[in-house]
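The sequence and the model are shown first, and selected contacts are then described in turn.

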Amino acid sequence: MWFWVTLDADIRCEHKLGRLALTAPEDFVFVSGQPVVTGADPIGRSIGGCPNLNVGIKPCTVTVNVQRGHSGFVTIAGRAVVRADLAGHTDGTPQGQVKYRVQHPGQTLVTEAP
């Protein structure tokens with residue numbers, strides 16, 4: 001089962017300290033008092049605190065895509081609900097190889113069966 005992701009979710013780059021700043025444009029479906037994240041919300045989000053910094057090495061500063069984690073069954077306003085199996089790439093180096101993942105979905109009440 002996959003939990004739905006809310007605005008309270010803890011999503012981080014593979015360097016563990018870089019944390020995404022999520023947004024949720026729809027404000028009419030809430031779980032545990034927080035809006036549910038949908039559609040392309042995880043794309044283009046800033047990442048703060050990534051420690052992967054050195055000469056010729058770029059820290060993760062933004063998410064660039066979503067590889068998985070959208071519901072195939074549930075939509076809100078035509079946008080797929082984002083699940084806790086969310087994963088995608090950041091702009092950190094090596095480019096196209098650093099991923100972000102959900103550490104905690106922000107709620108543990110609503111799930112979706114695979």
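## Surroundings of glutamate 26

In this predicted model, glutamate 26 is in contact with Pro35, Thr38, Asp41, Ile76, Ala77 and Arg79, leaving aside its neighbours within four places in sequence. Glutamate 26 itself is found in the loop between strand 3 (19-20) and strand 4 (30-31). With a relative accessible area of 11%, glutamate 26 is buried.

Which residue's side chain is joined to that of glutamate 26 by a polar contact of 2.7 Å? The partner is threonine 38. Along the chain, glutamate 26 and threonine 38 are 12 residues apart, and a distance of 8.0 Å separates their C-alpha atoms.

## Nonpolar cores

The largest nonpolar core has 16 residues, of which Val5, Ile11, Leu22, Cys60, Leu86 and Tyr100 touch the most other members. Strand 2 (10-13), strand 8 and strand 9 are the elements that give two or more residues to this core. In soluble globular proteins, nonpolar side chains tend to be buried together.

## Salt bridges

How many salt bridges does the structure hold? The number is 8. One of them joins lysine 58 and aspartate 91, whose side chains meet at 2.6 Å, N to O. Lysine 58 lies in the loop between strand 6 (47-48) and strand 7 (68-76), while aspartate 91 lies in the loop between strand 8 (79-89) and strand 9 (99-104); the pair therefore ties together parts that are 33 residues apart in sequence. Lysine 58 is partly exposed at a relative accessible area of 32%, whereas aspartate 91, at 15%, is buried.

Arginine 19 forms a salt bridge with aspartate 10, and the closest N and O atoms of this pair are 3.4 Å apart. Here arginine 19 is partly exposed, its relative accessible area being 38%, whereas aspartate 10 counts as buried at 16% relative accessibility. Both residues belong to a network of salt bridges that links Asp10, Arg12 and Arg19. A further salt bridge connects arginine 83 with aspartate 85, with 3.0 Å between the closest N and O atoms. In that pair, arginine 83 and aspartate 85 are both buried.

A disulfide is a covalent bond between the sulfur atoms of two cysteines. The structure holds 0 disulfides. Cysteine 50 is in no disulfide, and the nearest cysteine sulfur, that of cysteine 13, is 3.8 Å away. Cysteine 60 is likewise in no disulfide, the nearest cysteine sulfur being that of cysteine 50 at 3.9 Å.

Key. Residues are numbered from 1 along each chain as its sequence is written. This is a predicted model: local features need pLDDT of at least 70, side-chain atom pairs count only at pLDDT 80 or more; totals for chains, interfaces and linings use all residues. Side-chain values use heavy atoms; hydrogens and water are left out. A disulfide is a pair of cysteine sulfur atoms within 2.5 Å. A salt bridge is a side-chain nitrogen of Lys or Arg within 4 Å of a carboxyl oxygen of Asp or Glu. Buried means under 20% relative accessible area, exposed over 50%, partly exposed in between (1.4 Å probe, protein chains only). Helices (H or I, at least four residues) and strands (E, at least two) are DSSP runs, numbered from the N terminus. Contact means heavy atoms within 4.5 Å. A polar contact is a pair of N or O atoms within 3.5 Å; within protein, one must be able to donate a hydrogen and the other to accept it, and residues adjacent in sequence count only if both atoms are side-chain atoms. A nonpolar core is a set of buried Ala, Val, Leu, Ile, Met, Phe, Trp, Tyr and Cys residues joined through side-chain atoms within 4.5 Å.
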